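Trainee: I've got a model open and I'd like to learn how to read it feature by feature. Where do we start?

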Amino acid sequence: MSLALALSLLLAATATGCGLGEDTESPTPPAGVTAQAGSATSVHVMWEWASDNEEVTGYEVVHEGRPVASVPGTKRMVDVNSLDPSTRYVFTVRARDAAGNISAPSAPVPVTTPDPTPDDREAPTAPARLRGAVDGSRAVTLAWQPAADDMGVTAYDVYQEDTRIHSVGGSETGARIANLRPGTVYTFTVRARDAAENSSPDSDPVDLTTAPAPGDDTPNTAPTDLKVAARPDSVTVTWTPPKADGPVREHQLYLNGEPVTTIVWGAEPPAGRAAYTFTVTDPPGTRFSVKLRARLPDGKWGDLSAQRTAVIPNKQ
């Protein structure tokens, strides 16, 4: 055996024996766990991020010692379904890392599912007068007027660009949304839900821009006052271009989160508000999420606008 090979084997054995590179440290238990009955057979569970010396790769929701739901480490909420109506449940949440280390359970959170509502097919009305306020650079607070339902509202779901990010009980009319990014525009809507899982239409949207990070005085370059008008065969988008040191000649249109076209004015761009219409062949009820960003005079793309939703109507 060569000297080099002998030294290599010795180092490998020493590393294995000493446990070098092994991750044996468990994540911290998730804090801030809440459980809200969303219907007679489902509960929405949320929590705050856990921490780990390496990385949290997943979370488990546990009931009576048995995992009932699992999500990746990038999520901190989940619906637990197929539950029994009128039943008390107690949930805890555990964090897991890539090495398989599991945290201690969070504090237990009790919740009781409501009575069933058979043959309830009527959705609640949309929450009215959604409004919000910025709470520093990483949080906002929202408030709305209660929705109405023939059987009663059991939950309100908060959506950020068509993704549900928060839920509160049917008796609540406000929410605080944290873990946001500084200096970013967010669009929120709220839907009401009843015990039969009927969801209301969206509330009117509210746009909120978080405060910049301390020391960051970079101006926001997003188009503002975005509006959409849907017809059976087309959607018209209108907006106010951002102010810049020179004319803004290009905008990039995003549909459902993906860039689909660049709107270019070959001559002088329009003064004041701009407009663009695109043709659609999709059936009535199809939803389009619409937002924009502008190419600034220096050639760089600016910030994305707030988002609006267009729903294709029926032909008259």
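Mentor: Let's start with contact, which means heavy atoms within 4.5 Å. Leaving aside neighbours within four places in sequence, Pro201 is in contact with Pro124, Ala126, Pro127, Val190 and Arg191. One caution: this is a predicted model, where local features need pLDDT of at least 70 and side-chain atom pairs count only at pLDDT 80 or more, while totals for chains, interfaces and linings use all residues. Residues are numbered from 1 along each chain as its sequence is written, and side-chain values use heavy atoms, with hydrogens and water left out.

Trainee: Where does Pro201 lie?

Mentor: For that you need the element names: helices (H or I, at least four residues) and strands (E, at least two) are DSSP runs, numbered from the N terminus. Pro201 belongs to the loop between β13 (185-194) and β14 (206-209).

Trainee: What share of the residues is buried?

Mentor: Buried residues are 40% of the 316 in the protein chain. As for contacts between residues at least 6 apart in sequence, 64% join residues at least 24 apart.

Trainee: How do I read the charges?

Mentor: Lys and Arg count as positive, Asp and Glu as negative; His and the chain ends are not counted. Each charge is placed at NZ of Lys, CZ of Arg, CG of Asp or CD of Glu. The protein chain has 27 positive and 39 negative side chains, and the centres of the two sets lie 6 Å apart.

Trainee: Now the rings. How many aromatic pairs turn up in the whole structure?

Mentor: Rings of Phe, Tyr and Trp (its six-membered ring) pair if their centres lie within 6.5 Å; planes under 30 degrees apart count as stacked, over 60 as edge-to-face and the rest as tilted. The search finds six pairs. One of them is Tyr89 with Phe91, stacked at 6.0 Å centre to centre and 10° between the planes. Tyr186 and Phe188 have ring centres 6.1 Å apart and planes at 20°, so that pair is stacked.

Trainee: What about Val90, in β6?

Mentor: Strand β6 covers residues 88-97. Val90 is partly exposed, with a relative accessible area of 29%. Beyond four places in sequence, Val90 is in contact with Val62, His63, Glu64, Pro108, Val109 and Pro110.

Trainee: Which backbone angles deserve a look?

Mentor: Most residues other than glycine have a negative phi. Ser86 has a positive one, near 55°. Ser86 sits in the loop between β5 (77-80) and β6, and is partly exposed at 42%. Asp225, in strand β15, also isn't a glycine and has a positive phi of about 55°. Asp225 is partly exposed, with 41% relative accessibility.

Trainee: What else lies in β15?

Mentor: Val228 does, and that strand runs over residues 224-231. Val228 is partly exposed at 26% relative accessibility. Not counting residues up to four places away in sequence, Val228 touches Val235, Thr236, Val237, Val290, Arg308, Thr309 and Ala310. The C-alpha atoms of Val228 and Lys291 are separated by 9.7 Å, though the two are 63 residues apart along the chain.

Note on methods
Buried < 20%, exposed > 50% of the residue type's maximum accessible area, 1.4 Å probe, protein only.
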